Amino acid sequence: PEDDEFVPELNTLVNAMIVIEGKEPFFCERARQLLSCLIGHVCSPKERELGHNNLPFVRELLSLDNDTFIKMLVDIQKNSPVPLARTFYFSKTNSSIRSTAISQLAFLEVPGIIHFLSGNDFDFSDLRKEPMTVYCMLPPDKLDTYFRFARLIVQCFFNKMTAPPAATDRPVLALLDEQAK
């Protein structure tokens, strides 16, 4: 969260996961703000130390009962060391905003995706350090279900590859085949 690129990169990831749908973007935009707040919170030093700095944990937070969830948001707004985490404001539409976020993050309920996103053993910037090939393969019949997950992975890649390379970095070739939506 101390990095100058934290907020812009976080925004690109949130935009990849929460897709504006329908004629009225209000709930999707506010769901993005809520998700940014929660991700900012789990990136705080305390939450990182507890191992909570991952998207499946954010999804768990969204699933808390309403009273616990509101208490948590109040605590985040009062005490979070991460300024971004203190940006979500309360309104009468909070339950609809939260519902929008939960429905758009449904891919975070899949055990394989939970396992994949719970670890911290790969960084796309490693592609610049040594030759390797990365495949992200989704079954064709699951593309509509997991397109937000695919968007998240592709955006993570782009976030790392658009950073200025170091003098010793290797060039990276990216091929996206059948990338839908």
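**View 1. Helices that contribute to the lining of the largest pocket.** In this predicted model, five helices each supply at least two residues of the lining of the largest pocket, namely H1 (6–17), H2 (26–42), H4 (55–62), H7 (111–118) and H8 (143–161).

**View 2. The largest pocket and the residues closest to its centre.** The largest pocket has a volume of about 1,500 Å³, and among the 40 residues that line this pocket, those closest to its centre are Leu13, Gly119, Asn120, Phe122 and Cys156. Sorted by class, the lining of the largest pocket consists of 24 nonpolar residues, nine polar residues and seven charged residues.

**View 3. The crossing of helices H2 and H6.** The axes of H2 and of H6, the latter formed by residues 94–104, come within 8 Å and cross at roughly 80°. Since angles of 65 to 115 degrees count as roughly perpendicular, H2 is therefore described as roughly perpendicular to H6. On the side of H2, the contact is made by Phe27, Cys28, Arg30, Ala31 and Leu34, while H6 takes part through Asn94, Ser96, Ile97, Arg98, Thr100, Ala101 and Gln104.

**View 4. The protein chain as the setting for the close-ups.** The protein chain contains eight helices and zero strands, and its pattern, when read along the sequence, is α-α-α-α-α-α-α-α. The radius of gyration of the protein chain is 17 Å, which is close to the 16 Å that the globule rule gives for 181 residues, so the chain is as compact as a globular protein of that length. Along its principal axes, the C-alpha trace of the protein chain spans about 50 × 40 × 30 Å.

Technical notes:
Residues numbered from 1 in each chain as written. Predicted model: local features only at pLDDT ≥ 70, side-chain atom pairs only at ≥ 80, totals over all residues. Heavy atoms only, no water. 1 Å grid on protein atoms, 1.4 Å probe; cavity = no way out; pocket = protein on both sides within 12 Å on 5 of 7 lines; lining within 4 Å. Points joined across faces, edges and corners; volume = space filled by probe spheres on them. Helix = DSSP H or I, 4+ residues; strand = E, 2+ residues; numbered from the N terminus. Nonpolar A, V, L, I, M, F, W, Y, C, P; charged D, E, K, R; others polar. Axes fitted to C-alpha atoms, helices over the stretch in contact; angles between N-to-C directions. Parallel < 35°, antiparallel > 145°, perpendicular 65-115°, else oblique. Contact = heavy atoms within 4.5 Å. Rg over C-alpha atoms; globule rule 2.2 N^0.38 Å.
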